[in-house]
Amino acid sequence: MVILKNLQLSIMKKTILAPVILLITITTINAQQTKGIIGENNWLSTWTNFKPATTEYDEANHILTGNIESDIKLTKNNTYQLTGTVYVTNNAVLTIEPGTVIRGDKETCGTLVITKGSKIMAEGLATDPIVFTSNNNISERRPGDWGGIVVLGEAPINKIGGISYLDFNFDSALGHYGGENPNSNSGILKYVRIEYSGRKINALKELNGLSLAGVGKDTKLDYIQISFSNDDSFECYGGDVNFNNLISFRATDDDFDFTQGAQCTISNSLAIRNPYSSDISGSRCFEIDSYDKIENADPNKNLTKIIANNITLANTEDNNQGLVREAVYIKEKSYFSLSNSIIDGFSTCILLENKIGRIPTNLAKINIQNLQINQCNGVVQSEIVTNNPELANWYNSDTFSLKFSKLKNSELFMRPDLKKTPDFRAQNNGVLASNN
């Protein structure tokens, strides 16, 4: 009988201790993981440019216009001007040599469109990036000087019929995207800069720095800096993509915008906002939406699902939120996960659309884990009710591993000075933050 009691006691101890040990293990792992962008060295050095307004580029000596219907290679020894909308069609491959500069024409809204089945192979080097920029002189460059880059792929979207048309006044025969192949390959963009893009076509149509519509996961998208876009820096219309080492710098609208059932992982990426640069519709680092138009959506297809890891979202200028209020805006029926990241200088970290009910099944779609929240006034708020106790109680749990601080940017980041080559890796892996 004594042996039985001892056995029962041992089982009870194991039953009680197991979840405690698991919780401690998870908390310890989270504490050890670096927050924000990572790297043994500052990967922003050598290929980025945070002062493109003062950079001299050679005048264009070749013009790109009309349709590119067969394989072509752009070379570093030339400078190219995009005139009008240039379509890569007929399954052609556009290859761009490292160090090549392509300048978008303002008068004709130079825009590059990679159509379904075609590819762009733009693989620069850390020491020799590929640059897409304004054709204007230094003193005349402004956000929205030219259109941007558009890639149309064959991966799934959640529109009825699985195919849609990107309405940027494109040729009706060439602007379609979507399909059934999540692994489709539209090429490579690596060590690429895109500057001063995002032309407003009219009040309802605005091009982005990089528009990815139905793009598949075999497309390589790494080390891309988009600066001074007059709309979003990166926008995904459906598709299934993996992003690594992205930089969005001083976008007028959103840094990373997702809709139409986009499936995306984004890692080791950075958004730097200016507090006084904002679109009238409201500007955020992330905007997450499953349906752009509910009447054209297929409810049986994917909802948007974004998994973001080691992200730094910085609203510049200490103690001044300006026009940009929240870092992340999430609409109903969308999934968003953010982990091992830093959110710095926003009024609130995440704002939920008023249609999102504050019940566990809805809040479970929004997972935040191991964040450093610096100079922010709130974690998660709703459009419909501010200072909601249900939301505060839900996210006020140690299991989320949220740390709060009131550090200056110079204390939080290694070198946030944008006048030089910045380094937005966290000092001391974020250990300066205190639990709250």
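Modeller: The account below treats the salt bridges, and then turns to an arginine and its aromatic neighbour. This is a predicted model, in which local features need pLDDT of at least 70, side-chain atom pairs count only at pLDDT 80 or more, and totals for chains, interfaces and linings use all residues. Residues are numbered from 1 along each chain as its sequence is written, and side-chain values use heavy atoms, with hydrogens and water left out.

Side chains of opposite charge can pair when their charged atoms come close. The term salt bridge is used here for a side-chain nitrogen of Lys or Arg within 4 Å of a carboxyl oxygen of Asp or Glu. The structure contains eleven salt bridges.

One of them joins K159 to D292, with the closest N and O atoms 3.0 Å apart. K159 lies in the loop between β11 (148–152) and β12 (164–165), and D292 in the loop between β23 (286–288) and β24 (305–315), so the pair ties together parts that are 133 residues apart in sequence. For accessibility, buried means under 20% relative accessible area, exposed over 50%, and partly exposed in between (1.4 Å probe, protein chains only). K159 is buried at 9%, whereas D292 is partly exposed at 38%.

A salt bridge also forms between D167 and K205, whose closest N and O atoms are 3.2 Å apart. D167 belongs to the loop between β12 and β13 (176–177) and K205 to strand β16 (residues 205–206), so that distant parts of the chain, 38 residues apart, are linked. Here D167 is partly exposed at 39% relative accessibility, and K205 is buried at 18%.

D289 pairs with K331, the closest N and O atoms being 3.9 Å apart. Because D289 sits in the loop between β23 and β24 and K331 in the loop between β25 (326–330) and β26 (335–344), this pair ties together parts that are 42 residues apart in sequence. D289 is buried at 11% relative accessibility; K331 is partly exposed at 22%.

Salt bridges also link R284, E287 and E326 in a network. R284 has a further contact, for it lies over the face of Y329, at 4.0 Å from the ring centre. A charge sits over a ring if NZ of Lys or CZ of Arg is within 6 Å of the ring centre and within 35 degrees of the ring normal.

Definitions and conventions. Helix = DSSP H or I, 4+ residues; strand = E, 2+ residues; numbered from the N terminus.
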